[in-house]
Amino acid sequence: MAAKHALPVLRWSSRVFSVELNGAPFYFALADRPEAEAPRLFGQLPRARRCFSLLLRSADRVHAARLHARLRDALLRELPPECRLAPMCSFLPEVRDSVLRGFFLQDGPDSPSPTPRLLEALAQQHALLLCSYTPDREHRHWTQHVWSLEGGTRVDVGTGLCVVCSEAPRCHPAALSMINSDVFRTFQDARDVLTECVAVLPEASSVLEHLPSRAPSSAPPAFPVLVVEGLDATGKTTLTESLRDALGAVLLRSPPQSLAPWRALFDREPPLLRRAFYAVGNYVTAEQAGQQAMKTPVVVDRFWHSTAAYAIATAVSGPPSGLPDPGSEVYRWPADLLRPSLVVLLTLDPEERRRRLRDRGQGKTEEERQLDHNQLFRLRVEEAYRRISGPPCIAVDASPSADQLLQQVLLLVRSRCCL
């Protein structure tokens, strides 16, 4: 089964490796000879500890996404408690879709350790590349050894290479594989993922039954379509309902109510499946908005901006400087998706937003919990919102009263939309 999904790994010695520790990436590369100092990642490791990495190389993207999640759960469950596990990837600089994802782990102090046998069993069971990292006597230089196993046969694809320093890439390596993995450029691209996952997630067939056969028309409708975006507890619900009443508009949400029965299910799935679900939800909402806007204004509570901003910010770690460059295609509006007439992004002081969340006391998704506890994640989401173009978001301070905020947004609507 594993061999069926395995991808060949090319240019192994040219790859760069990234390990995420405490929300920041540490990079290293491989060379025939050691350098004067070990990469920063290895320089801070305790002595007499072995390190390992597991990388997935599956040709089936749905299989790879679900295997990655299962592998993480298995490692957390089976590894000795002294082991330290961290997300990892390997990539070819500036080469799109070259990213291999997996995990880096630092073994515990016990000798003999049960870790190598566990990892070897996982490598035999799945399409994995298993590597070990060993230091010299002075703990200054480290060597990578490849243990990749298939059917009990050892496969060497770069054994004995020295671990050396590597410069950080201009953007986080996740940017190399975002298109059609985290951000979808067309309706068909997102639909294809759901079609591929039916065999392992039968509920996806029910979602497919609620989708249009093709992308709905993206032609501008007769009446304006207004989108309100923003983090949770910035006042989106209150504002969208007030705009509906003030303009005599139809209020829609994305994902739409027709897909609500499967939202919790896909929220528990790996990012690839989750992003595809939210992407097709935007097209269902767009179809509804296009039909309604032929006869009346439409207000939409969240749309493509949210889907893209959260996907990009989740895929990348560290500060916002690691996001894809401004102008990257991941920020561009899909050509086959209805373009709103106006997009308002509600902004709010972080402390005030947290206070509103506490007062609201509702359940939160994992991404919403990250917004509360991870300042860098919040900053990445906000910056991703700002970089999206065609149409861009117009930031509006949501700290005034609900009525003042409504009047401010109505001024924007009247100045930019034909009503």
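**Briefing on selected local features**

Glu94 is exposed, its relative accessible area being 60%. This residue belongs to the loop between strand E4 (84–91) and strand E5 (100–106). The model is predicted.

**Positive phi values**

- Most residues other than glycine have a negative phi.
- Glu94, although not a glycine, has a positive phi of about 65°.
- His139 is likewise not a glycine and has a positive phi of about 65°.
- His139 sits in the loop between strand E6 (128–135) and strand E7 (142–146).
- With a relative accessible area of 14%, His139 is buried, because buried means under 20%.

**Cis peptide bonds**

- Most peptide bonds are trans.
- Ser254 and Pro255 are joined by a cis peptide bond with omega about 0°, and Pro255 lies in the loop between strand E12 (250–253) and helix H8 (263–267).
- A cis bond also leads from Gly390 to Pro391, with omega near 5°.
- Pro391 is in the loop between helix H13 (375–387) and strand E15 (394–397).

- Thr285 is part of helix H9 (residues 271–292) and is buried at 0% relative accessibility.
- Beyond residues up to four places away in sequence, Thr285 touches Leu252, Arg253, Ser254, Pro255, Pro256, Val300 and Phe303; Ser254 and Pro255 are the pair joined by the cis bond.
- The axes of H9 and helix H10 (residues 304–315) come within 9 Å and cross at roughly 165°.
- H9 is therefore roughly antiparallel to H10, angles over 145 degrees being counted in that class.
- The crossing of these two helices, H9 and H10, is left-handed.
- On the H9 side, Arg275, Tyr278, Ala279 and Asn282 meet Trp304, Thr307, Tyr310, Ala311 and Thr314 of H10.
- The residues of this contact between H9 and H10 comprise five nonpolar, three polar and one charged.

**Helix H4**

- Thr115, Pro116, Leu119, Leu122 and Ala123 are the buried residues of helix H4 (residues 115–125).
- These residues lie on the same side of H4, because they cover an arc of only 125° around the axis.
- Arg117 and Gln125 are exposed on the other side of H4.

**Ser218**

- Ser218 is located in the loop between helix H6 (203–209) and strand E11 (225–230).
- Its relative accessible area of 31% makes Ser218 partly exposed.
- Leaving aside residues up to four places away in sequence, Ser218 touches Ala335, Asp336, Leu337 and Leu338.
- The C-alpha atoms of Ser218 and Pro340 are separated by 9.9 Å, although the two residues are 122 residues apart along the chain.

Definitions and conventions. Residues numbered from 1 in each chain as written. Predicted model: local features only at pLDDT ≥ 70, side-chain atom pairs only at ≥ 80, totals over all residues. Heavy atoms only, no water. Helix = DSSP H or I, 4+ residues; strand = E, 2+ residues; numbered from the N terminus. Buried < 20%, exposed > 50% of the residue type's maximum accessible area, 1.4 Å probe, protein only. Contact = heavy atoms within 4.5 Å. Axes fitted to C-alpha atoms, helices over the stretch in contact; angles between N-to-C directions. Parallel < 35°, antiparallel > 145°, perpendicular 65-115°, else oblique. Left-handed = near helix turned anticlockwise from the far one by under 90°. Nonpolar A, V, L, I, M, F, W, Y, C, P; charged D, E, K, R; others polar. Arc of directions from axis to C-beta.
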